[in-house]
Amino acid sequence: METILDTYKATKIEAVNVWFKAASVNDFPADGGACVKYKNKQIAVFNFTRLGKWYACQNVCPHKMEMVLSRGMIGDDKGIPKVACPLHKKTFSLESGENLNGDLGAIATYPVKVEGNDVYIGFSE
Amino acid sequence: MKKIIVVGNGMVGYKFCEKFVAQENAENFKIIIFGEEPRPAYDRVHLSEFFENQNAKALEMAPATWYADNGIELITGERVADINRTEKTITTAKDREFAYDYLVMATGSSPFVPPIKGVEKEGVFVYRTIEDLEGMLAYAAKLKAEKPNAKAAVLGGGLLGLEAGKAVLDMGLEPHIVEFAPKLMPRQLDTRSSQVLKLKLESIGLNIHLSKATNQILGDKFITGMEFGEDDILNVDMLIISAGIRPRDELAKACGLDVGVRGGIVVDDTMKTSDDNIYAIGEIALYNQMIYGLVAPGYDMAEVAVQQVLGNSEVKMAEEIDMSTKLKLIGVDVASFGEPFMPASKGHSIIFENKTEYLYKRINVSLDGKSLLGGILVGDASDYNMLHQMYLNDMKIPENAAQLILPASDGASAFGDVTDLPDEAQVCSCESVTKGQICAAIENGEATDVAGVVSCTKAGTGCGGCKPMVTDLTNATLKSLGITVKEGVCEHFDLSRQDLYQIIKVKGYTTFNEVLDNHGNGGHGCELCKPLVASLMATINADTANKEYAIQDSNDRFLANIQRNGTYSVVPRVPGGEITPDKLIALGEIAKKYDLYTKITGGVRIDLFGATLNQLPLIWKELISHGFESGHAYGKSLRTVKTCVGSTWCRYGMDESVSFGIELENRYRGIRAPHKIKGGVSGCIRECAEARGKDFGLIAVEGGWNLYVGGNGGATPRHAELLAEQIDNETVIKYLDRYLMFYMRTAKPLQRTAAWQERLEGGLNYVKEVVIEDKLGIAEDLEKEMQTLVNKFECEWTQAVNNPEMMKRFNHFVNSKDDDDNLVFVPMREQKMPEPWK
């Protein structure tokens, strides 16, 4: 199962080589997420309307390795934007990827940009 | 290393061990404890709970492993048969010999069986051990199968007898209490309070027979009745004897220890017997010429014996022992403290009696009117803790002492505050924990909430009667330290669920953001408050989960139950469990087409597992075309109303349980509640639908339905309690509308009806007052609100498949029609299952 996690590496905006045009803004619910397919990757993308920000991370929850994070609820933990996994409510920072209510490894996060009506996710490859 | 042998593994014997191993020098001693019962010590005070859940483990004082972990040798199922005081050895019934340096007798007592002719007959029981209870349950089950209206009597109307009466009620037999004295609980209550208690118990269905001397037990092989006088016979099918206890002092007598004339081992204030190396504690010890049948003095004795063995000879038993008690007997508060019966020469009594509400309160005040000497409370003992503390600490009482028991007109308490208690006030008498210790635990940072206080001081772990006071003290101390006591649902709201309900209703909010922006703490919500607000808006506005799906919990968001691998299961509604062959075939064909694992659920519906997000709408379109609708198996809402087949087919059926079950399921389908709700309808008292294990349950009886509320299975199983008897269909619906709506308005998040009902001040009685008597004057509102929800019901799957905007969410990818390629299924018998987690 290690191989699934190896597919996802946290990517800083400086390292972005590819801006992948994922979908249009209207395809995502307000203050909620959806899943984007990029090559062999599944990326959870969240439209955090209340903050006016977009976030992206791996769709796989490192707890049980299921492709579910995009279906989780978002919110904040003392100001840190987070997503809660729909299976066991493990929560992860959408900024650092850190597990906020346990000691699971951090999830990989990716930069997002919106141009016009289109949502782009940044990858290094 | 010195050896201590404890004879008797009951509550007090166990407590001796627990207190001993907590001492500094404990490692210089080896303890062996013997119990004649097959299992380790259990909580006999709460024995009647065994009838509710049959969970012996839950009653254990500590698991068998605890003894080993603490270096104690526990030998159960082996009685100590002989003591040789000169050799300092004991011999067990299995003829094994053990040597001791100190012997602690904690043999307790056994039930007294009066020498009545015929007590040896089958169906006559005593009430003391779990084995006794198991015997009763087996006999009662056999009786009920042969005779639906079987009766059981309890001989003895004392405290234990009434506990046994509750057991009879729980076993579903017609209960009778037979008492020799002219009043109930003769040792704790005066005549008037005893009369009030009798009226109250009769109102809940107990038959009480006072001043009855039983001459003989009737029947050939098994009991058929009790004869009191020549023409005075009570026909009963079972008898539980609870006519007092006798100390188990046969061992002590045999080895020549001093015993009292009426039994019990004589001890001094160090708990020492007439032999310097032998101590006696608990119900076997005769101290001040008295046997103390309460757990708190027994624990004090254990503490004294521990300290004496360790050489701390200054620790002695108090001269006066507080026999105050507070109990809930069959749901009725009964308490007495200090001197309940006081001679007129010592003071004056103030008595408040209200038979219409089954209330009796008496306090005894010193002649100078300055101190409280004792009292009795029946029907409402909520003031017991404060009154008891005033008595114990000889606190000043108000000039007009009557204020202490008169119903407050302005809601103000005559007691002042828990913080007024002196630090040495003993709050938990079972564990001897003072107010000072509780406050210190918080002040020095050891505990930050009630659970923490309980775990580090042990307060409230005995009889539990002091819990409310421990809670108040904890909250007051936290407050005094400037720590706010959290009542809010999460970090985003300082409001409780009930507060939020009121606010949303009054302000008419329709979105989560409106509620958060106007009443939140400036954050952005989370997985606790979002589904809560969603549920409240569903309750208030009859919204379906389609409206604002991003605030719905995992299952509601996709109107299906998420399973282990992120696929979903689908449960269409099958009201009352009635289904046509055509519909069954349709389910089978759809399951086959989408390769779904199929299983009958615990709520007797059909569950189809393994559907991907993309498949959900396709499956539902087909289900809807065959006449199915959402079963709401994913929601905190009504699941099923389970029914037995009832009088439509069953030869025993008293009413049409299926028809009524279908009507109720269709009435309450879709409504969102604090937690899931399950119902059951049985056509007769054989109860094949297990209705009493549901949030609401109906059982058809002669003349109507018996309505039970507040039951559930799950981690803490509860039997539903009787709300109303012999009512017609229309009244059932009226009461249920009110009950469910009241629950939906006032429960905490994720609180089932059982926990809600139990924690309401006044419990089931209060529910009855609100639902049946309309004490709050809100019954009409509750019914209207429920009717609105019923009228606005809409199948949310039908709504979703007909709305392209709502359908957008049922795609695994937002930019592709592919399914999740991470899914792996493996074969399972003739079907499939997700690959096991690694």
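Okay, let's start with confidence: chain A has a mean pLDDT of 93, with 98% of its residues reaching 70 or more. If pLDDT is new to you, that's the predictor's confidence in each residue, from 0 to 100. What we have here is a predicted model, where local features need pLDDT of at least 70, side-chain atom pairs count only at pLDDT 80 or more, and totals for chains, interfaces and linings use all residues. On naming, residues are numbered from 1 along each chain as its sequence is written, while chains are lettered from A and ligands numbered from 1 in the order in which they are written.

By helices I mean DSSP runs of H or I with at least four residues, and by strands runs of E with at least two, numbered from the N terminus. Chain B averages a pLDDT of 90, and 98% of the residues score at least 70. For the complex, the predictor gives an ipTM of 0.95 and a pTM of 0.56. One thing to keep in mind: where pLDDT is low, the predicted coordinates should not be read in detail.

Contact here means that the C-beta atoms of two residues, placed from the backbone, lie within 7 Å.

Now, chain B. It has 26 helices and 39 strands, and of its 838 residues, 48% count as buried. Buried means 20 or more other C-beta atoms within 10 Å of a residue's own, exposed means 12 or fewer, and partly exposed is in between, with C-beta atoms placed from the backbone.

Next, the cores. A nonpolar core is a set of buried Ala, Val, Leu, Ile, Met, Phe, Trp, Tyr and Cys residues joined through C-beta atoms within 7 Å. The largest has 146 residues, and F16(B) and M105(B) are among those touching the most other members. Helix 9 (residues 295–309) of chain B gives this core the most, nine residues. Why does the core lie between two domains? Because domain 1 (2–109 + 246–309) and domain 2 (124–243) of chain B both give residues to it; the bounds come from an automatic or database domain assignment. Apart from that core lies another, of 62 residues, including V45(A) and W620(B).

Last stop: P572(B), in the loop between strand 30 (568–570) and helix 18 (581–593) of chain B. Is P572(B) buried or exposed? P572(B) counts as buried, because it has 25 C-beta neighbours inside 10 Å. Beyond its neighbours within four places in sequence, P572(B) is in contact with L623(B), F628(B), E629(B) and G631(B). H632(B) sits 60 residues from P572(B) in sequence, yet they are 7.8 Å apart in space, C-alpha to C-alpha.
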